[in-house]
Amino acid sequence: MSTPLNHLSPLSVRERSACMCRHGFACSSFAAGHALHLIQARIASATSAEWADAIVEHADAASGDLLVRTLDGTSHALWNASGAALEAPVGTPIAVHVRYGVLAVGRTQFNVAVG
């Protein structure tokens, strides 16, 4: 006797794959702006010449949007779902690795979507 196969509709699969941060829990996705993956953190650390010091010009904790300006005057729009805007209010000195999408606030690092 064989076990019957469970057929899931595409809708239920999409609902199950939604990141838990949308429901107030910790991020369950490693997509840009969600949880920082260990490999992402390590590769950003290995390419230390690409880190840029910056100052936070705008931080919206409700939406997760940040606007940072590097010391050479370049501005970057960033987004993070896991609280980077709470940790880095306006005026906070930070470091950003644009290539790998990592934001460092002190010793804490966040995965960010760079826009």
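1. Basis. The model is predicted, so local features need pLDDT of at least 70 and side-chain atom pairs count only at pLDDT 80 or more, while totals for chains, interfaces and linings use all residues. Residues are numbered from 1 along each chain as its sequence is written, and side-chain values use heavy atoms, with hydrogens and water left out.

2. Sheet. An open sheet is formed by 7 strands in the order S6-S5-S4-S1-S2-S3-S7, with antiparallel pairing. Strands are DSSP runs of E of at least two residues, helices are runs of H or I of at least four residues, and both are numbered from the N terminus; two strands pair if DSSP finds at least two bridges between them. S6 and strand S7 (113–114) are at the edges with a single partner strand each, so one side of each has no neighbour in the sheet. Within the sheet, S4 and S5 run antiparallel and are joined by 3 bridges. Ala95 stands opposite Ala104 in S5.

3. Helix H2. In H2 (residues 38–46), the buried residues are Gln40, Ala41 and Ala44 (buried is under 20% relative accessible area, exposed over 50%, partly exposed in between, with a 1.4 Å probe and protein chains only). Seen down the helix axis, these residues fall within an arc of 100 degrees, so they line one face of H2; the arc is that of the directions from the helix axis to the C-beta atoms. Leu38, Ile39, Arg42 and Ala46 are exposed on the other side. The buried residues pack against strands S4 (93–97), S5 (102–105) and S6 (108–111), contact meaning heavy atoms within 4.5 Å.

4. Core. The largest nonpolar core has 14 residues, of which Leu66, Leu78, Ile94 and Leu103 touch the most other members. Such a core is a set of buried Ala, Val, Leu, Ile, Met, Phe, Trp, Tyr and Cys residues joined through side-chain atoms within 4.5 Å. Strand S1 (52–60), strand S2 (65–70), helix H3 (84–87), S4 and S5 each give two or more residues to this core.

5. Ala77. This residue is in strand S3 (residues 75–79) and is partly exposed, at 37% relative accessible area. Ala77 and Leu66 are 11 residues apart in sequence and 5.9 Å apart in space, C-alpha to C-alpha.

6. Thr92. Thr92 is in the loop between H3 and S4 and counts as buried, at 15% relative accessibility. Beyond four places in sequence, Thr92 is in contact with Ala54, Ile55, Val56 and Val105.
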